[in-house]
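Work through the exercises below with the sequence and the model at hand. Try each task before reading its solution.

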Amino acid sequence: MTGQEFRSLFSQVAQQTLSLPDAERYLDLHHSPTAQWVKRSLTGLVLLLFLAVGLYIIQHGYRVSIAQQRDSTILNAANTVQRWSPLLLFGGFGSLLGLVSVAGLLALVRSLSRSDLPSIDTIKGRLHQVAARTLTVDEAMSQLFLLEAPPARPSTSVATRLFITLFMLVVVYFSLRQAQTAYRLLTSGKRTEGQIIQMISNRKHTATVPVVRYSVDGQYHELTGGTYSSPAAYAIGDRVTVLYNPASPAEAAIQSFSDQWAGPLVAISLASVFLFFLWRRPRSFGR
């Protein structure tokens with residue numbers, strides 16, 4: 001529990017909107033050693049997941065760059081930058097995610113050694129004094145934590161955090177699946193030439209995505225690009241390279257970094273950073 005949560009609890013007891021037995025049960029549920037252990041374990045698991053995803057992104061960027069290097073036949077400065085740009089971008093995001101995860105893990109380890117938190121019996125004793133009106137809320141907070149805690153702010157419940165975390169992990173999972181499909185097409189897929197036959201606008205008509213027609217063994221297929229762009233990255237009639245699965249030619253993508261990698265990379269990065277700030281240990285007890 002944070003200092004804000006303690007202040008809110010004391011205020012409710014002082015205003016008699018929460019009974020003393022209910023307040024003590026709430027303390028037993030949220031401030032007990034078991035509750036603290038569960039919260040820290042969940043935080044540690046999420047941070048370790050961030051670290052694993054960061055390392056995977058770095059490795060993935062390296063594999064993509066190596067695969068593009070094998071596929072390139074023209075050696076010039078522009079091609080060199082294009083070949084290694086996935087490693088630079090993936091490596092940058094992966095390294096940032098890894099550093100954030102390591103920083104969070106170090107903060108979690110430091111929190112395990114903290115001995116300045118009041119015991120649950122001490123807090124209950126102050127609760128009884130507040131309920132008996134022998135202490136004000138501010139006096140109780142000052143005695144417990146030495147420094148006056150800031151005014152209470154709304155806090156996100158553990159259940160809400162778990163629900164949001166589950167949703168974000170689903171986003172990360174499907175983004176990794178999309179990245180895996182893109183990597184499989186790049187390394188084991190075949191190439192053919194396709195032609196832009198249509199440009200589809202979004203609802204606000206501010207960006208467009210191309211529709212490509214390509215042929216495999218005399219049979220025509222169509223695919224829609226994976227990224228909207230403004231201004232348009234293509235025009236009707238443009239020819240592009242299409243990667244397709246030989247076993248299932250309908251599974252295909254335009255061979256470009258933005259169409260194959262931008263979506264999953266941005267989704268994974270944003271979800272990971274959001275989860276870090278959701279679960280990071282807040283400054284508490286007025287410190």
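The exercises that follow concern a predicted model, and each has a worked solution.

**Exercise 1.** Determine how helix α2 and helix α5 are oriented to each other: roughly parallel or roughly antiparallel?

Solution. 
- Step 1. Locate the helices: α2 spans residues 20-30 and α5 spans residues 120-131.
- Step 2. Take the axes of the two helices, which come within 11 Å and cross at roughly 160°.
- Step 3. Apply the cut-off: angles over 145 degrees count as roughly antiparallel. Helices α2 and α5 are therefore roughly antiparallel to each other.

**Exercise 2.** List which residues of α2 and α5 meet, and sort the contact by class.

Solution. 
- Step 1. On the α2 side, the residues are L20, A23, E24, L27 and D28.
- Step 2. On the α5 side, they are I120, I123, K124, L127, H128 and A131.
- Step 3. Sorted by class, the contact of α2 with α5 has 7 nonpolar, 1 polar and 3 charged residues.

**Exercise 3.** Decide whether K124 is buried or exposed, and find which residues K124 is in contact with.

Solution. 
- Step 1. K124 lies in helix α5.
- Step 2. The relative accessibility of K124 is 18%. Buried means under 20%, so K124 counts as buried.
- Step 3. With neighbours within four places in sequence left aside, K124 is in contact with E24, L27 and D28.

**Exercise 4.** Find the buried residues of helix α6 and explain why they lie on the same side of α6.

Solution. 
- Step 1. Helix α6 covers residues 137-145, and its buried residues are V137, A140, M141, L144 and F145.
- Step 2. Around the axis, these residues cover an arc of only 100°, so they are on the same side of α6.

**Exercise 5.** Classify Y220 and H221 as buried or exposed, then list their contacts.

Solution. 
- Step 1. Y220 is in strand β3, residues 219-224, and H221 is also found in β3.
- Step 2. At 60% relative accessibility, Y220 counts as exposed. At 14%, H221 counts as buried.
- Step 3. Not counting residues up to four places away in sequence, Y220 touches R213, Y214 and S215.
- Step 4. With neighbours within four places left aside, H221 is in contact with V212, R213, Y214, V216, P249 and A250.
- Step 5. For one distance, take Y220 and G194: they are 26 residues apart along the chain, and their C-alpha atoms are separated by 9.8 Å.

Key: Residues numbered from 1 in each chain as written. Predicted model: local features only at pLDDT ≥ 70, side-chain atom pairs only at ≥ 80, totals over all residues. Heavy atoms only, no water. Buried < 20%, exposed > 50% of the residue type's maximum accessible area, 1.4 Å probe, protein only. Helix = DSSP H or I, 4+ residues; strand = E, 2+ residues; numbered from the N terminus. Arc of directions from axis to C-beta. Axes fitted to C-alpha atoms, helices over the stretch in contact; angles between N-to-C directions. Parallel < 35°, antiparallel > 145°, perpendicular 65-115°, else oblique. Contact = heavy atoms within 4.5 Å. Nonpolar A, V, L, I, M, F, W, Y, C, P; charged D, E, K, R; others polar.
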